[in-house]
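Thank you all for coming. I would like to walk through a few places in this structure, so please keep the picture in view while I talk.

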Amino acid sequence: MALKKVKGSLERVLDKDLQDLVRGIRKNKDNEAKYIAQCIDEIKQELKQDNISVKANAVAKLTYLQMLGYDISWAAFNVIEVMSSPKFTHKRIGYLAASQSFHEETDVLMLTTNMIRKDINSATQYDAGVAMNGLANFMSADLGRDLANDVMTLMASTRPYVRKKAVLIMYKIFLKFPEALRPAFPRLKEKLEDPDPGVQSAAVNVICELARKNPKNYLSLAPLFFKLMTSSTNNWVLIKIIKLFSALTPLEPRLGKKLIEPLTNLIHSTSAMSLLYECINTVIAGMPNHSASIQLCVQKLRILIEDSDQNLKYLGLLAMGRILKTHPKSVQSHKDLILQCLDDKDESIRLRALDLLYGMVSKKNLMEIVKKLMIHMDKAEGTQYRDELLSKIIQICSQSNYQYITNFEWYVSILVELTRIEGTRHGKLIASQMLDVAIRVKAIRHFTVSQMAQLLDNSHLLLGSATHRNGICEVLYAAAWIVGEFSEHLYDPKATLDAMLKGRVTSLPGHIQSVYVQNTLKLYSHVLVCAEKDGDKEQMVQITQMMVERMPMFTESADLEVQERACCILQLLKYVQKLQTKEVVVGEEVAALFEGELNPVAPKAQKKVAVPDGLDLDKWINEPPSDSDEGTLAEALFVTGPQSEQRYIYQQSTVKYEELDDEELAKRRAARREEQKSNPHYLKMDTPKSKRDAINVDDIPYAKLDISIPLHVPGMTVTEKYMKEQTKKEKRRKKKKKKGKKGRDMESDEDIPVMHEVDTTVDMPDGATMSDGEEEHMDPDDPHRALADIDIEKPLDVTEQLPVRTHRVVESAPTTSTSGGLKIAEPSTGDITADVTVDEKHKKKHRHHHKKKDEKQKKKDKKDKKEKKTKRRAAADGYEEAESGVPDVEENLMGDLDDDLTKNEFSKEAPATPPPSPVAKTLEEKPESMEGQLGEDATKAALQEVLEDVQEEAEDKHKRKKEKKHKKDKKERKEKKKKKHRDVEDEDDEVKAEPEMEAEPALVESPLPQMSSYRLLGESEYIKMTYETRVLPSQSNQVIVSVIFSNLCNKHLKSLDFNVLDSLNTKLVREVGATPHDGIKVPFQLPPGAANEGQFAFTIESISMPQKLKGTLTYMIKDDEGSTSEKIDFKLLLPISAYIIGAPCKSDRYSELLGGGELTAKNSVTVMPLDAEFSHVIAKTCFYGHLALVERVENTASFYGCSIQQHHVCLLIKQMPNNGLSIDGKSSDSSLLSNYLDEIKTILTQQ
């Protein structure tokens, strides 16, 4: 033993520690990968030793390697070993490694539950603290459920350190296990008044974080927080409380009035800028109508913006932007300060100032702000900031459909001036604005076309290599299209055509050349038509000849689109030339190629285009590559095997640098100088360095250049004249205002006239609307999502108790089998096992005088019952009775069920539904008799029969279980019964087989609630529509909607027309030749008080999401006075369960599905505690969810269903001790499973 200890001590001395690892990595920078690979091998050897100190040292080194990006998940079990060490130094290393490498899906996390419970309940507060710190980083739903009660107990600890840690870790538990919030909240509320300021601060932090998504829950805590705010001196606590008040004040206006005084005092008195900023935010959010407070905030924010601290300046601008939304005039008075921020050195401050200017714009100051931004852009340094300025100018002008532009000639001039900006990358943005204005503002087209013509005449200014590379030449794309499309506004179209056919145009990008080619033909057609009207044959020949001569330069383009267009146009021109020699008038025919006006297309029009029938966008165009091809390709691209590993390890060491001696360096230096002498573009310094230093820069002569021509494109309009015009108009309006109202010269934006009108017409696909059609949903990744729906004001129910971990004793009991592989575990005394209605006769067995049949009669009755039961099962399920035996069911997820289920074959039978016609089918039955034929009553009857079987089997088992214990009592009862009268035997014939125990009551459950598969579709005073969905297993893309039309009035209803708007995914099957706007004629009429049913077919592309479709029913009301037309709008909901078929599945097939790897998607949800019995939960899940019950074991049941597109769905529902439900699911489609579980949760929570 002594030698072993000495050996272990020597090993620890010789082992490398964390410092040695860091030193080694720094020394081996050239071959770092190789060195780390060697270190990992050494660490693996260290982890195999028995010495816990060596393992802790190895885990510490692995933690550092994990920070460098290396995966250490393979050592997760070793990390747990170190975590379980009794020594604090080792435990700390283990929890640190777990905090960095463990996550919610880590497999070995389930092994840590008891260890963490032991650590957090340790007598040493530091052990508890390090355990809770680590737990916060890898908290899971299972850990939260198992440890919630222990952590809540620690909140009442006598040690403030432990209380503070417990309060903070409860927040992580709430996120993963929301059911713990309601039981734990009273104790969390108590911590707000804890004597220790650290615990109090932690409680404030937790509640403020909880209130982020549902502040209404915490409105009742406002008095307590107000008391804390007025008494606390901790700035960080005040900041959190004030943040909470900013969320509460919009919900309770009276709270804002109460907060005005303390917040104003804090704003005046505090020197902490962070606290001042939060006070201002709260005033902005909760008291937007209190002008005095808002004015005070603006003044304080001006102080922040004028501060030299860049952080304060940024925060001031950020808060000023929030005030701008509610009080724009208060912020606009500080416009000069915002413009000064544009000259700040910090780019983030300049960008924030630009955002403020965007909101400060009005019709009155738009030109002034844009002018200052243009001047600032000329002085700005850095292309990135200049590009941001350019885009912001365009955003300011184009916001809200050019709401603030009063003169579009000015805006077009601004766009043309922006083309002069050097190095800009926003050529496409400028071009899109030019196109948009030219198309939508018809009154400005003449001016726009003239400006674009000038731009094309001077296109050589935009064709330099630098501007070409930066993309400013994109404006030529817009210019060419505008002059071609609106060529009737050109002053000299022939000159513009000549400019577009110059040789330098071929240096433009291909897509711009293609627009040039296309629009030269438009211009040509316009010139040709004008020449033919004037009778100028010479000009017709000249213009055609010019086109024929210059078009070949485009046919030689490297761009295929340009080639194709040019070749087609060239052949067309040659044909026109031939016709001109024959003196044929062809101008109007050529112009007819471009007739019609183009409207702008809506931004989301492409998304709303319906996919044609038969087109599968996800289908491979060619045969998909096989797996073998991919493997061959991978082998060809990547080297595999030991050589690749060795290559990876030594890849950095293979880089070699050439080492040059002094002689070689001198030779290369001399060669470089000779090359520089012969290079005319290299500026050479002939003056020696000593003389260069003596030269005075001021003595260098320079010449002044007298440039009288302004540096701008000729013919372009300068914006100053528009500014002068606007100033003159404002002065005139002010004079008129003064005459009408003395002392008031304020003018609103609505009073300023707009010179041009913007056309808002856009093109959309047929049947599409301008609405986005996208509802806002809460982010599924938001950790606060589950906490948003919990009401903490509701009184705590007795069942809402935190789960306490206890030992569960499982008795091995025989089981009874039902048909189709359905196995029911035998319940203990008092358990609820079946859903059966018990009549008064059944209650008579509790009386003292029990009447029974003799032994022969009982055997005969039992035999008859078994025969009836077998026939009923065979008729209901369609397959043989399964073998008996109960598999053990694990506690947690459905994945644990895989290996435990017994094996049978999967039944391929599925319920059949008669195929409906595309149009509505008429049924003669009344709705009262209709529901039975539609399968509702049959389904309920089948469920009732199965549950009756369960009742009988349970009673038989109960009798066998107690038979041995009460043999003597049994004999005595038999003797007494023989002496009794025989007149009650007839009554007992109707009663089921009773238990032999007199003292034990029968196991009885409440009756099933009434369930109906029909939902309300729409209702008015005249008609009511209810519907249900059906599917055909053979139709993978079709759903049948059966609608019952009921006449609620005493008038005759006729001409019923049923229509549902098609979506991209779901379409109503109509008659051949019908359009999407046509409805389906319902082929029956409704007399007063009558009802009838029609069936409608829908084609479905994807079934992974529920569908909500808008529809309309139009009908005629006929009475003695005549006929009137009415309509009713409705929304048709197609849930996920509409596509599910509850096909029977035997347990061996079920086990294969769960363990075969086919079901890759996993998800789970929890349901709050319910008052319903578990048998009712099973019945509702089967009925509304369209699932088949596979097996039930005590309070656990498994279900199976298959979608019409062959997606398997497996569910496991488990009833928890607090009557809540845990629902785990597996499927082959993750989106379908997630939405289906949400639907099941909604079904079970509805009463």
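When I speak of one part covering or touching another, I mean contact, that is, heavy atoms within 4.5 Å. Please also bear in mind that this is a predicted model.

Let me begin with helix H8, residues 125-135, where eight of the eleven residues are buried, so the helix is largely enclosed by the rest of the structure. The buried residues are Asp 127, Ala 128, Gly 129, Val 130, Ala 131, Met 132, Gly 134 and Leu 135. What covers them includes helix H6 (88-101) and helix H7 (113-120), together with helix H9 (141-154) and helix H10 (160-176).

In the loop between H6 and H7 we find Met 110, which is exposed, with a relative accessible area of 63%. Together with Phe 77 and Leu 111, Met 110 forms a nonpolar patch on the surface, and the three have about 360 Å² of accessible area together.

Now to Lys 61, in helix H4, which spans residues 52-67. Is Lys 61 buried or exposed? Its relative accessible area is 2%, and because buried means under 20%, Lys 61 counts as buried. Leaving aside residues up to four places away in sequence, Lys 61 touches Lys 16, Asp 17, Leu 18, Leu 21, Ile 43 and Glu 46.

Finally, there is a negative surface patch, formed by Asp 613, Asp 616, Asp 618 and Glu 1101. Of these, Glu 1101 sits in the loop between strand S9 (1091-1100) and strand S10 (1107-1119), and Glu 1101 is exposed, with a relative accessible area of 52%.

Conventions. Residues numbered from 1 in each chain as written. Predicted model: local features only at pLDDT ≥ 70, side-chain atom pairs only at ≥ 80, totals over all residues. Heavy atoms only, no water. Buried < 20%, exposed > 50% of the residue type's maximum accessible area, 1.4 Å probe, protein only. Helix = DSSP H or I, 4+ residues; strand = E, 2+ residues; numbered from the N terminus. Patch = residues over 30% accessible without salt bridge, like charges linked within 9 Å, V, L, I, M, F, W, Y side chains within 5 Å. Areas by Shrake-Rupley, 256 points an atom, 1.4 Å probe, with all protein chains shown as cover. Salt bridge = Lys/Arg side-chain N within 4 Å of Asp/Glu carboxyl O. Lys, Arg positive; Asp, Glu negative; His and termini not counted. Charge placed at Lys NZ, Arg CZ, Asp CG, Glu CD.
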